[in-house]
Amino acid sequence: MRKDWELSIKWNVKLFYAINHRRNPFLDKFYKYFFYMGKTHSLPIYLLLYYIFTGTSAFKHLFVSLIITGIMMPSIKYIFRHKRPSSLLENVYLLEPVSLKSFPSADSAYVATLFCVSLFYGSFLLSGILFILMLIIGYGRVYMGAHFPLDVLVGYSLGIVAGLVGNYLSSYF
C-alpha cells in the first residue's frame, strides 16, 4: 500500500474503519439508492425546489454558491490528487464504484452548500431537514467506502464557505 498523508492521521483511519466495517443489511440497501441525493445530477431538483419555495433571491444565492462549489471541488481534488480509501487500505467495503480523487468529498460539499444557503432564507424546519440530510450523506460516503471522514469534514467546510461567499457575491447580481 502506498503511503499517503491522510493515512498518517490516525483518528481518520480508525474512524473510517469503525464506520465502514459496521455492516447493516438495511443501510447497505438504503445507501445503494440514497447516495444519489448528494450527486451533482440531483442539483437541478434542489434548485427548482429553492425557486418554488423560497423565491428568486434564494435561488440566485444558491445558484452562485453551487457554481463556487463546482469550481472549488475539482480544483482542490486536482491539487491534492488524494486516492480513495480502497486504493490505500485493505479490507474496505465498497458499495459503489469509485473513480477520480477522494479529497475533499464533493457530495458533502454540495449538501453543505444547500444547508448553508437555507440558513439565510429557509425556515428552521427546512434548515433542520437539510442538516440531517447533510449528516446522512456524509456518514454514507464513509460507510460506502468512498471517502475518509476527513474528506467529508473538509467537504462540509468548503460547502459552507461557498454558501457564505455566494451570499456576498449574489448581492451584486
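Me: Before we look at anything, what does "buried" mean here, and what does "exposed" mean?

Reply: A residue is buried when its relative accessible area is under 20%, exposed when that value is over 50%, and partly exposed in between. Keep in mind that this is a predicted model.

Me: Okay, let's take helix α3. Which of its residues are buried?

Reply: In α3, the buried ones are Leu43, Tyr46, Leu47 and Tyr50. They lie on the same side of α3, because the arc they cover around the axis is only 100°.

Me: Why would residues spaced like that point the same way?

Reply: An α-helix has 3.6 residues a turn, so residues three or four places apart point the same way.

Me: What covers the buried residues of α3?

Reply: The cover includes α4 (56–80), α6 (106–121) and α7 (124–143).

Me: And what is on the other side of α3?

Reply: Over there, Pro44, Ile45, Ile52 and Phe53 are exposed. Ile45, Ile52 and Phe53 also belong to a nonpolar surface patch, together with Leu48, Leu49 and Tyr51. The patch has about 650 Å² of accessible area in total.

Me: Where does Leu49 sit, and is it buried, exposed or partly exposed?

Reply: Leu49 is in helix α3. Its relative accessibility is 39%, so Leu49 counts as partly exposed.

Me: How do I check the length of α3 against what a helix should span?

Reply: Count 1.5 Å a residue: the 12 residues of α3 (residues 43–54) should span 16 Å.

Me: What happens just after α3?

Reply: Gly55 comes there, with a positive phi of about 100°.

Me: Which residues other than glycine have a positive phi?

Reply: Arg81 is one of them, with phi near 50°, and Asn91 is another, with phi near 60°. Both are in loops: Arg81 is between α4 and α5, while Asn91 is between α5 and α6.

Me: How accessible are Arg81 and Asn91?

Reply: Arg81 has a relative accessible area of 42%, so it falls in the partly exposed class. Asn91 counts as exposed because its relative accessibility is 58%.

Technical notes. Residues numbered from 1 in each chain as written. Predicted model: local features only at pLDDT ≥ 70, side-chain atom pairs only at ≥ 80, totals over all residues. Heavy atoms only, no water. Helix = DSSP H or I, 4+ residues; strand = E, 2+ residues; numbered from the N terminus. Expected span 1.5 Å × (residues − 1). Buried < 20%, exposed > 50% of the residue type's maximum accessible area, 1.4 Å probe, protein only. Arc of directions from axis to C-beta. Contact = heavy atoms within 4.5 Å. Patch = residues over 30% accessible without salt bridge, like charges linked within 9 Å, V, L, I, M, F, W, Y side chains within 5 Å. Areas by Shrake-Rupley, 256 points an atom, 1.4 Å probe, with all protein chains shown as cover. Salt bridge = Lys/Arg side-chain N within 4 Å of Asp/Glu carboxyl O.
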